[in-house]
Amino acid sequence: MIANRGEIAMRIIRTCKEMDIQTVAVYSQADKDSLHVRFADEAVCIGPPPSSDSYLTMANIIAAAEITNSDAIHPGYGFLSENAEFSEICKSNNIKFIGASSEMISKMGDKATAIATMKKAGVPTIPGSEGILNSFDEAKQVAMKIGYPVILKATAGGGGKGMRICWHQAELEKGWNSCKQEALKAFGNDQMYLEKFIEDPRHIEIQVFGDYRGKVCHLSERDCSIQRRHQKLLEETPSPFMTSRLRKKMGDVAIKAAEYIQYEGAGTIEFLVDKKTNFYFMEMNTRIQVEHPITEQVVSRDLIREQIEIAQGARISGKNYMPKLHAIECRINAEDPAHDFRPSPGMIETIHFPGGHGVRIDTHIYSGYVIPPYYDSMIAKLITTAESRKGAILKMRRALDEFIIEGIQTTIPFHRQLMDHPDFLAGNYTTKLMDNFNYSPSGE
């Protein structure tokens with residue numbers, strides 16, 4: 001059973017069909033016409049449109065698994081994919097959770113705990129508080145010790161929520177109060193920790209896989225530095241910033257981190273890398289990532305299949321895979337880039353997908369499909385693959401020009417302009433690229 005929706009549900013169904021595995025889709029009332037409902041072997045409605053009443057309702061999902069005799073649940077990404085309680089409930093109901101164990105999620109899903117664990121493992125971490133801060137006064141003392149700028153983070157945070165950068169001591173108390181309020185509202189948990197803020201970093205992650213023996217391999221890196229409000233917009237592999245020496249060093253550390261906790265399944269070790277190539281552990285995602293297709297394209301591995309096989313008890317080869325090609329992914333969102341990327345739900349009146357060699361689209365949309373306003377705005381991922389970075393960029397330009405969606409606003413024209421940005425073309429970008437990007441609706 002796939003406990004998710006949208007493109008990732010379709011992605012999992014495709015691999016299951018190729019493995020001759022029967023599939024069950026779950027869906028909210030808003031998703032009754034979604035493609036994952038149509039292409040799964042069975043489908044069960046689990047509640048009304050709000051995710052809190054459907055995709056996040058564990059009892060409904062487990063009930064759907066039981067009535068369809070599902071013996072495994074793949075959570076995809078988001079929703080319950082990193083929920084320790086859900087992983088444990090699956091286990092107690094004799095349903096294999098295709099993801100991390102509850103113990104592993106608890107250890108690495110909480111950012112403060114993860115950082116403390118990585119310090120014990122000897123993995124380089126950003127200077128900051130020793131775990132959760134007990135008071136504002138403690139935050140103030142830590143900030144004075146490590147020096148400004150600092151960043152406050154909610155330990156349960158994600159997606160850019162529950163984070164504040166404080167450049168001076170005068171900003172700290174305001175940041176502390178607003179950060180805690182936002183975290184409590186978004187996650188029901190207002191616990192905070194504090195780190196030294198790394199200016200103009202690259203955000204580079206290493207894809208890892210572990211088996212039941214605790215053996216881990218890595219599948220190289222992805223550069224996720226192009227972000228807006230901490231939300232990734234574009235990813236590529238290999239990173240134009242990476243050298244063979246740095247890749248080996250970061251890959252070895254990622255394996256060390258995962259083996260220390262005896263990690264099983266697909267995971268991602270995320271690092272911030274400064275201009276001098278010093279890198280620091282940021283967090284671990286104990287699930288498949290949105291951007292996994294670019295890794296699949298350059299190492300010729302089906303990562304969803306790998307997840308399922310590991311859940312069945314397969315061993316990994318122990319071989320680390322290096323990129324043979326170059327791949328870029330643009331996240332296509334139902335958003336209006338001309339109006340501060342505001343959401344643009346509604347009916348797709350006309351659609352034309354690009355094609356050709358080296359072009360891949362992961363999506364769940366079609367002409368006549370109504371994009372509901374209740375969920376994440378990502379509606380497609382456009383991936384191009386070529387023998388060189390220049391080739392992948394030229395292919396992406398062409399594919400974006402062919403990609404037509406009418407009836408709603410999308411980020412396609414934004415990505416087309418990004419393909420001409422001089423810093424992107426030079427591979428000379430950091431997480432600050434969007435600070436200097438001025439989108440023009442006219443394309444000029």
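This is a predicted model: local features need pLDDT of at least 70, side-chain atom pairs count only at pLDDT 80 or more; totals for chains, interfaces and linings use all residues.
Student: Which residues of α6 are buried?

Tutor: In α6, the buried residues are Lys-111, Ala-112, Ala-114, Ile-115, Thr-117, Met-118 and Ala-121. Buried stands for under 20% relative accessible area, exposed for over 50%, and partly exposed for what lies in between, using a 1.4 Å probe and protein chains only.

Student: How do I read the way α6 sits against α9?

Tutor: Two packed helices are described by the angle between their axes and the distance between the axes. Here α6 (residues 111-121) and α9 (residues 244-260) have axes that come within 10 Å and cross at roughly 105°. Each axis is a line fitted to C-alpha atoms, for helices over the stretch in contact, and the angle, from 0 to 180 degrees, is taken between N-to-C directions. The two helices are therefore roughly perpendicular to each other, a label for angles of 65 to 115 degrees.

Student: Which residues meet there?

Tutor: From α6 you have Thr-117, Met-118, Lys-120 and Ala-121, and from α9 Lys-256, Ala-257 and Tyr-260. Contact means heavy atoms within 4.5 Å. By class, this contact has 4 nonpolar, 1 polar and 2 charged residues. Nonpolar covers Ala, Val, Leu, Ile, Met, Phe, Trp, Tyr, Cys and Pro, charged covers Asp, Glu, Lys and Arg, and the others, Gly among them, are polar.

Student: How many cavities does the structure hold?

Tutor: Rolling a probe the size of a water molecule over the atoms shows where empty space is left. This structure holds 3 cavities of 30 Å³ or more. A cavity is a set of points, on a 1 Å grid over the protein atoms alone, where a 1.4 Å probe fits but cannot get out, and its lining residues have an atom within 4 Å of a point. The points are joined across faces, edges and corners, and the volume is the space filled by probe spheres set on them.

Student: What lines the largest cavity?

Tutor: The largest cavity holds about 70 Å³ of space. Its lining includes Ala-112, Ile-115, Ala-116 and Lys-119, along with Tyr-193, Leu-194 and Glu-195. The classes come out as 6 nonpolar, 3 polar and 3 charged.

Student: And what is the volume of the second largest cavity?

Tutor: About 40 Å³. Arg-5, His-364, Ile-371, Pro-372, Tyr-375, Asp-376, Met-378 and Ile-379 line the second largest cavity, giving 5 nonpolar, 1 polar and 2 charged residues.

Student: Where are the cis peptide bonds?

Tutor: One joins Tyr-148 and Pro-149, with omega about 5°; Pro-149 sits in the loop between α7 (136-146) and β5 (150-158). Another joins Thr-237 and Pro-238, with omega about -5°, and Pro-238 is in the loop between β10 (231-237) and α9.

Student: Which residues other than glycine have a positive phi?

Tutor: Among them is His-230, with phi near 70°, in the loop between β9 (216-228) and β10. His-230 is partly exposed, at 38% relative accessible area. Gln-262 is one too, with phi near 55°, in the loop between α9 and β11 (265-273). Gln-262 is exposed, at 56%.

Student: Is Val-216 buried or exposed?

Tutor: Val-216, in strand β9, is buried at 3% relative accessibility. Among the residues it touches, leaving out those up to four places away in sequence, are Phe-209, Ile-255, Tyr-263 and Ile-316. Val-216 and Ile-316 are 100 residues apart in sequence but 7.4 Å apart in space, C-alpha to C-alpha.

Student: What about Gln-307: buried or exposed?

Tutor: Gln-307, in helix α11 (residues 303-311), is buried, with a relative accessible area of 5%. Setting aside neighbours within four places in sequence, Gln-307 contacts His-74, Ile-98, Phe-209, Ala-266 and Ile-288.

Definitions and conventions. Residues are numbered from 1 along each chain as its sequence is written. Side-chain values use heavy atoms; hydrogens and water are left out. Helices (H or I, at least four residues) and strands (E, at least two) are DSSP runs, numbered from the N terminus. Angles under 35 degrees count as roughly parallel, over 145 as roughly antiparallel, 65 to 115 as roughly perpendicular and the rest as oblique. On a 1 Å grid over the protein atoms alone, a cavity is a set of points where a 1.4 Å probe fits but cannot get out, and a pocket is an open set with protein on both sides within 12 Å along at least five of seven lines; lining residues have an atom within 4 Å of a point.
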